[in-house]
Amino acid sequence: MPAAAEIFRESWLVLLAYVAGATPFGYLAGRFRSIDLRQHGSGNIGATNALRVLGKPIGITVLLLDMLKGLLPVLLAMKVSGQPAIHVATALAAILGHNYTFWLGFKGGKGIATTAGAILPIMPWALLVAILAWIVVLLTTRYVSVASIAAAVVIPITLVIQSLLRAAWNPVVLGFALFTSTLAIWKHRSNIARLRRGEENRFGKK
């Protein structure tokens, strides 16, 4: 019961994480240039489309901001709360905030950068393997979407391998990893459809 009471008292961290995650930096950067990212490129408000439509400086800035809005709420939760469930819930809230922002009618981005920032303090080794997989697949295929899907798949697999090697299982973190992996793949369903039709743009192509 004390743990449940502590989780309830610290639930404000989850709400704060959602609001932070819901801040649509890509969309705001586009509006600053009088461009609605939803009407250009892939129609996504994330860093990849921002880079393609708005250029490298703005795209890289959006990428970093999207990562930070996932990372900082989790770091705050870890500083304030000793409950791992709050850390995971905060990470998930930031990701859902980006993917389903209330500022844009609960429609948002695909959440890859925000997911990377949010899971960094919770599962750093899984994230490192995912980043390596992302780089290898991107260099091989030049499809950002394929690289992102590959990275999403690698995260829970890495955690399972780690758990087997350590003979220690954390069902909350594993469940979180499986959910975020599935969510990332689901958010890329339009990309998957374009890939099947041969219409997906390669990285570097306008």
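How many cavities of 30 Å³ or more does the structure hold?

1. The structure, a predicted model in which local features need pLDDT of at least 70 and side-chain atom pairs count only at pLDDT 80 or more, while totals for chains, interfaces and linings use all residues, holds 1 cavity of 30 Å³ or more. Residues are numbered from 1 along each chain as its sequence is written, and side-chain values use heavy atoms, with hydrogens and water left out.

2. A cavity here is a set of points, on a 1 Å grid over the protein atoms alone, where a 1.4 Å probe fits but cannot get out, and its lining residues have an atom within 4 Å of a point. The largest cavity has a volume of about 30 Å³, the volume being the space filled by probe spheres set on the points, which are joined across faces, edges and corners.

3. Ile 95, Asn 99, Lys 110, Gly 111, Thr 115, Thr 180, Leu 183 and Ala 184 line the largest cavity. Helix 6 and helix 10 (171–187) are the elements that give two or more residues to this lining, helices being DSSP runs of H or I with at least four residues, numbered from the N terminus.

4. His 98 lies in helix 6 (residues 84–99), and it counts as buried because its relative accessibility is 5%, where buried means under 20% relative accessible area, exposed over 50% and partly exposed in between (1.4 Å probe, protein chains only).

5. Ile 112, in helix 7 (residues 112–119), counts as partly exposed at 29% relative accessibility, and its contacts include Ala 184.

Notes:
On a 1 Å grid over the protein atoms alone, a cavity is a set of points where a 1.4 Å probe fits but cannot get out, and a pocket is an open set with protein on both sides within 12 Å along at least five of seven lines; lining residues have an atom within 4 Å of a point. Contact means heavy atoms within 4.5 Å. Lists of a residue's contacts leave out its neighbours within four places in sequence.
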